[in-house]
Amino acid sequence: MRSKREFDTLIVEGGSLRCAFSAGVLDTFSVLGYNKFKRYFAVSAGTMALTSFLAGQRKHFIDVACHMVEDGEFIRFFSAFSEEGLMNLSHLFDHVRRHRPLDIEGAAIASWGKDVRMVTTDFETGSPLYLRPTPSDWLRIMWASSTLPMVTRGRIKVHDRWMFDGGISDALPLQAALNLGGSRILVIRTRPSGMHIEKGWLDTFATYWYRDNPAIVKLYEDGHNTYNDCVDRLSTGGEGRKRWEEIAPLSPLRSEGYRLNAGHLLQDYHHGMSCALDWLHT
């Protein structure tokens, strides 16, 4: 198995329910005791996967995700233009609080002396924010990192600042990890290595919706190019003494999109477990 001292930084990409794959990777790490990272970066739904990993709550993410797609209240197409949007994050977090609470205190204790960052986007400036959660604001930052216009509530206030999905401003925070001292970086992806994305309908809609805020418009106009540039950078494997690797799905995940079921999520979860085992024993 790979040396546990080999990697100092872990990045968990977002991607909504595609993070079932990430949960499979992290649960495998948890079972095998692979966690010598000094710093962690998580984006969007990756924040929940990372939190359950730090707290030692194996299968938490996949169990909650499977419940959400089957209960008929989380994904509702007729609610796209409502306050909560297509995916009801309020329902998700209420379910977590009532039925499957995250051990936030445990996650905080496990990461004591380490650097945990959750990526959000400043709603006014469009700048990425790399927030260090505490037990008192951990869940709210997770919520802010995952919320998108139309798809979810749209924005969340944290410490008197409006924020939304970190994946819009920095979906793959490789440079941020380098800036904060990362030199051996592992990136858990939710798309295959090297896969580029194109500007989508949500990007086009958002450029009109936020036409009075040039900073936000620019994010949606150029976001796919920024993402693709980072994908290409990751494929190099490193620069100078800084090195990085990816654990990525071998093909596009079944949990892409919104018309899916628990079976799709479980397939991606097991795919993540398999990829993690292959990577650990390479």
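This is a predicted model: local features need pLDDT of at least 70, side-chain atom pairs count only at pLDDT 80 or more; totals for chains, interfaces and linings use all residues.
Reader: With which residue does Glu239 form a salt bridge?
Author: A salt bridge is a side-chain nitrogen of Lys or Arg within 4 Å of a carboxyl oxygen of Asp or Glu. The closest N and O atoms of the pair with Glu239 are 2.8 Å apart.

Reader: How many residues apart in the chain are Arg39 and Asp8?
Author: The side chains of Arg39 and Asp8 meet in a salt bridge, at 3.3 Å from N to O. Helices (H or I, at least four residues) and strands (E, at least two) are DSSP runs, numbered from the N terminus. Arg39 belongs to strand β2 (residues 39-43), whereas Asp8 lies in the segment before β1 (9-12). The pair thus links distant parts of the chain, and the separation is 31 residues.

Reader: Are Arg117 and Asp115 buried or exposed?
Author: These two residues form a salt bridge in which the closest N and O atoms of Arg117 and Asp115 are 2.7 Å apart. The relative accessibility is 15% for Arg117 and 14% for Asp115. Both values fall under 20%, so Arg117 and Asp115 count as buried.

Reader: Which residue caps the N-terminal end of α11?
Author: Helix α11 (residues 262-280) has 19 residues and reaches 27 Å from its first C-alpha to its last. This is close to the expected 27 Å, a span defined as 1.5 Å times one less than the number of residues. At the N-terminal end, a side-chain oxygen of the capping residue lies 2.9 Å from the backbone nitrogen of Gly263. The cap is Asn261.

Reader: Which elements are included in what covers the buried residues of α11?
Author: The buried residues of α11 include Leu265, Tyr269 and Trp279. The cover includes α1 (19-32), α3 (60-70), β7 (184-188) and β9 (242-247).

Reader: Which residues touch the most other members of the largest nonpolar core?
Author: A nonpolar core is a set of buried Ala, Val, Leu, Ile, Met, Phe, Trp, Tyr and Cys residues joined through side-chain atoms within 4.5 Å. The largest one has 55 residues. Those touching the most other members are Leu10, Phe29, Trp138 and Leu265.

Reader: Where is Ser44, a residue with a positive phi?
Author: Most residues other than glycine have a negative phi. Ser44 has a phi of about 55 degrees although it is not a glycine. At 8% relative accessibility, Ser44 counts as buried. Its place is the loop between β2 and α2 (46-55).

How values were computed. Residues are numbered from 1 along each chain as its sequence is written. Side-chain values use heavy atoms; hydrogens and water are left out. Buried means under 20% relative accessible area, exposed over 50%, partly exposed in between (1.4 Å probe, protein chains only). Contact means heavy atoms within 4.5 Å. A polar contact is a pair of N or O atoms within 3.5 Å; within protein, one must be able to donate a hydrogen and the other to accept it, and residues adjacent in sequence count only if both atoms are side-chain atoms.
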